[in-house]
Amino acid sequence: QVQLVESGGGLVQAGGSLTLSCAASGSFFSINAMNWYRQAPGKQRELVAGITRGGITNYADSVKGRFTISRDNAKNMVFLQMNSLEPEDTAVYHCYADDGYRGLVGRYWGQGTQVTVSS
């Protein structure tokens with residue numbers, strides 16, 4: 001059983017910052033890519049940022065220059081530093097992890113953490 005547990009969400013004013021954390025625990029082979037997704041009410045889930053085990057990152061155009069993804073491989077954790085937050089960033093943010101190459105061993109999702117940005 002593998003669990004991903006997110007933390008760090010909350011309510012913040014526009015222009016503010018939040019840092020999300022996600023920790024993987026349980027029995028897994030090797031956590032590879034780790035991503036952050038978000039889903040706003042009435043919208044499809046979208047990829048916000050991703051990072052490979054080697055540290056290669058990618059971002060959605062809407063968050064480039066404002067969000068930074070990082071990870072701690074020793075602790076199997078991934079972080080999302082969010083700066084200059086906008087009301088449009090309001091969503092439930094979910095952590096995702098691949099176990100093994102391209103998730104061949106397993107693919108895991110966290111329950112999500114709410115981020116609300118007020119104008």
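Modeller: Let us begin with burial: Y96 counts as buried, because its relative accessibility is 9%. Buried means under 20% relative accessible area, exposed over 50%, and partly exposed in between, with a 1.4 Å probe and protein chains only. The model is predicted, so local features need pLDDT of at least 70 and side-chain atom pairs count only at pLDDT 80 or more, while totals for chains, interfaces and linings use all residues. Residues are numbered from 1 along each chain as its sequence is written, and side-chain values use heavy atoms, with hydrogens and water left out.

Colleague: How is a pair of aromatic rings described?

Modeller: The distance of the centres and the angle of the planes describe such a pair. Rings of Phe, Tyr and Trp (its six-membered ring) pair if their centres lie within 6.5 Å; planes under 30 degrees apart count as stacked, over 60 as edge-to-face and the rest as tilted. The structure holds three aromatic pairs. One of them joins Y37 and Y96, with 6.1 Å from centre to centre and 80° between the planes, an edge-to-face arrangement. Y37 belongs to strand β4 (residues 31–39) and Y96 to strand β9, so the pair ties together parts 59 residues apart in sequence. Strands are DSSP runs of E, at least two residues long, numbered from the N terminus.

Colleague: Is Y37 buried or exposed?

Modeller: Y37 is buried, at 17% relative accessibility.

Colleague: Why is the pair of Y96 and W109 tilted?

Modeller: The ring planes of Y96 and W109 stand at 55°, with the centres 4.9 Å apart, so this pair is tilted. W109 lies in strand β10 (residues 106–109), 13 residues from Y96. W109 is partly exposed, at 34% relative accessibility. Together, Y37, Y96 and W109 make up one aromatic cluster.

Colleague: Which charged residue sits over the ring of Y37?

Modeller: The charged end of R45 does, 5.7 Å from the ring centre. A charge sits over a ring if NZ of Lys or CZ of Arg is within 6 Å of the ring centre and within 35 degrees of the ring normal.

Colleague: Which strands are joined to β4?

Modeller: Strands pair if DSSP finds at least two bridges between them. β4 and β9 run antiparallel and are joined by seven bridges; here Q39 stands opposite V92 of β9. β4 also runs antiparallel to strand β5 (residues 46–51), with five bridges, and L47 in β5 is the bridge partner of Y37. Six residues lie between these two strands in their hairpin, where G42 takes a positive phi near 80°. Seven of the nine residues of β4 are buried, so β4 is largely enclosed by the rest of the structure.

Colleague: How many disulfides does the whole structure contain?

Modeller: A disulfide is a pair of cysteine sulfur atoms within 2.5 Å, and the search finds one. The sulfur atoms of C22 and C95 are 2.1 Å apart. This bond links distant parts of the chain: C22 is in strand β3 (residues 18–26) and C95 in strand β9 (residues 91–99), 73 residues apart. The link is left-handed, with -80° about the S-S bond. C22 is buried, at 0% relative accessibility, and C95 is buried, at 0% as well.

Colleague: Where is R66 placed?

Modeller: R66 is in the loop between β6 (57–59) and β7 (67–72). R66 is buried, with a relative accessible area of 11%.

Technical notes. Helix = DSSP H or I, 4+ residues; strand = E, 2+ residues; numbered from the N terminus.
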